[in-house]
Amino acid sequence: MNEPEQKAELPGNIASDEILDREAGLHRSLTSWQVAMIGLGSTVGTGLFLGSALSVKLAGPAVLVSFLLGATVAVTVMWALAEMAAEHPAAGSFGLYAEMYIHPWAGFAIRYTYWLCLVFVVGSEVVAASIYCKYWWPAVPSWMWIAAFSLALLYVNTISIRSFGVFEYWFAMIKVVTIVAFLILGAALLFGVGFPRIGGANYTAHGGFFPNGLSGVGLGMTMAIFSFLGLEIVGSTAGEAANPSVAVPRALRRTLSFLVLFYLGGLAIVVGIVPWTELELGESPFVRVFRSVGIPGAGNVMNFVVLTAALSSAMCNLYFTARLLFSLARGGYAPAPLGKLSKRGIPVAAVMASGVGLLIAFFLSHFFEATAFVFMIGVAFFGGPFVWIMILFTHLAFRRAHQRAGKSILRFAPPGPWSSLFGLVALVAVLISTWWVPGFRITMKAGPAWLLIMTICYLIWTRVHRETPNT
């Protein structure tokens, strides 16, 4: 048995089984395709359909290079998470792994940081949904849409996990089918198959392919990373997936493959059809494409799709925030009622508490309607790269621990530490670059302060826990 060796590798001699058993009770009902669709549901949202306009503004047609670099970094995270999820399937995912292989502080900080990040992401998605609704009903106040969508999202996240999986599967399928149709139609427009040929002039017009130089590519990569964030949510489904050691790595590969196709293909069509200088931050580039070529009703159809995309992403991210809070409660890092499950195996209290982002979105949209979306993703952005950085750090420790214990693992990343080290360096650079991205300077202002607060909270928790170990 390897248990004594493994205990020696973990902080405080805590056995991994003891940590993993804390999260028992969730129902394992999700199939690998449902897991993959949850991953797509969480990632294919405002990053592609609305936020990509910001990347195009920063990099021009070279946004394709920005997203290709972002995909390369995402691959390193996918490899790392797949290896750890296959070894330790649990809802706490990378938060538990950081606690097991780095330090309990790491598990505490990463889960709370990402919980706050996704709270704001959920809020930004419903704000985006209200922006899409203005396409049809410009006179209706945004706060009314946000209130209605918030109630619907909370309801869907409190039904059974099987029903949630089926619902999200078909919700995400709308995005997948539509994006595929968009890619086919866009290619036909560019190459003149059934339509007047547009060609590739827009790729080099208006300042060339690199109108803002390599610095624009680097800054555009910031939004590219934001667009790929959500891939890690697949790891959290390990606690509710059937046969998680197979389903989760397979779903990670499928999700990332679809994302690369959708983002690179979609943006190639957007900047090829519409001059990048004409894109505006308040409108989806995808809707702008169809409106510009005059296809009857296509703009309405695409607006419906990006609306469902935003709501699907919000639904999946709310799912994950609830699981993070549930994991923290089961570990003793959050109030115990948040770790309780309903008869259907749903952490209802954690879902409702995680809905605070919807309340924040309601407030911001009422008082700061014009800037609410960029502000919310700017606040949320620190958590994403920070979590990816911690996943890669944890992966290095995970590999080292199993190598010392002489225990084999299911390997996805190349031998050695180089893929994780590459991802670490790239993510640190992206995080620093947010200082020069319009609307994102708050990322570097809020992030370090938040980590300091988390450290103080952890120290207080450990002192209280030490004084009252049996309560």
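Student: How many aromatic pairs does the count come to here?

Tutor: A pair of aromatic rings is described by the distance of the centres and the angle of the planes. The rule takes rings of Phe, Tyr and Trp (its six-membered ring) whose centres lie within 6.5 Å; planes under 30 degrees apart are stacked, over 60 edge-to-face, and the rest tilted. By that rule the count is 18 aromatic pairs. One of them is tilted, because the ring centres of Phe67 and Tyr263 sit 5.6 Å apart with the planes at 45°. That pair links distant parts of the chain: Phe67 belongs to helix 6 (residues 63-87) and Tyr263 to helix 13 (residues 244-273), 196 residues apart. Helices here are DSSP runs of H or I with at least four residues, strands are E runs of at least two, and both are numbered from the N terminus.

Before we go on, keep in mind that this is a predicted model: local features need pLDDT of at least 70, side-chain atom pairs count only at pLDDT 80 or more, and totals for chains, interfaces and linings use all residues. Residues are numbered from 1 along each chain as its sequence is written, and side-chain values use heavy atoms, with hydrogens and water left out.

Student: Are Phe67 and Tyr263 buried or exposed?

Tutor: Buried means under 20% relative accessible area, exposed means over 50%, and partly exposed is in between (1.4 Å probe, protein chains only). Phe67 and Tyr263 are both buried.

Student: Which kind of aromatic pair do Tyr101 and Phe398 form?

Tutor: Tyr101 and Phe398 are edge-to-face, at 5.4 Å centre to centre with 80° between the planes. This pair also links distant parts of the chain, with Tyr101 in helix 7 (residues 93-101) and Phe398 in helix 19 (residues 383-405), 297 residues apart. Tyr101 counts as buried because its relative accessibility is 8%, and Phe398 counts as buried at 0%. There's a cluster to look at too: Phe108, Tyr112, Tyr333, Tyr458 and Trp461 form one aromatic cluster.

Student: What about charged side chains: how many salt bridges are there?

Tutor: The test is a side-chain nitrogen of Lys or Arg within 4 Å of a carboxyl oxygen of Asp or Glu. The count comes to 3 salt bridges. In one of them, Glu83 meets Arg399 at 2.8 Å, N to O. Glu83 is in helix 6 and Arg399 in helix 19, 316 residues apart, and both residues are buried.

Student: Where in the chain are Glu87 and Lys407?

Tutor: Glu87 and Lys407 form a salt bridge, with their closest N and O atoms 2.9 Å apart. Glu87 is in helix 6, while Lys407 is in the loop between helix 19 and helix 20, 320 residues apart. Glu87 is partly exposed at 22% relative accessible area, and Lys407 is partly exposed at 27%.

Student: Which residue does Glu99 meet in a salt bridge?

Tutor: Glu99 meets Arg111, at 2.7 Å from N to O. Glu99 is in helix 7 and Arg111 in helix 8 (residues 104-133), 12 residues apart. Both Glu99 and Arg111 are buried.

Student: How many disulfides does a search find?

Tutor: A disulfide is a covalent bond between the sulfur atoms of two cysteines. The cut-off is a pair of cysteine sulfur atoms within 2.5 Å, and a search of the whole structure finds 0 disulfides. As for individual cysteines, Cys316 is buried at 0% relative accessible area, whereas Cys457 is partly exposed at 32%.

Student: How should I read a helix, say helix 11? Why is it called largely enclosed?

Tutor: Start with its span, where the expected value is 1.5 Å times one less than the number of residues. Helix 11 (residues 213-228) has 16 residues and reaches 23 Å from first C-alpha to last, close to the 22 Å expected. Then check burial: 12 of its 16 residues are buried, so helix 11 is largely enclosed by the rest of the structure. Among those buried residues are Gly216, Leu219 and Thr222. After helix 11 comes Gly230, with a positive phi near 120°.

Student: Which residues does Ser433 touch?

Tutor: Contact means heavy atoms within 4.5 Å. Leaving out residues up to four places away in sequence, Ser433 touches Gly218, Leu219 and Thr222. Ser433 is found in helix 20 (residues 418-433) and counts as buried at 11% relative accessibility. Its side chain also reaches the backbone oxygen of Val430 at 2.6 Å.

Student: And the chain as a whole: how many helices and strands?

Tutor: The protein chain has 21 helices and 0 strands. Buried residues make up 60% of its 471 residues.

Terms used
Polar contact = N/O pair within 3.5 Å; in protein donor to acceptor, adjacent residues only side chain to side chain.
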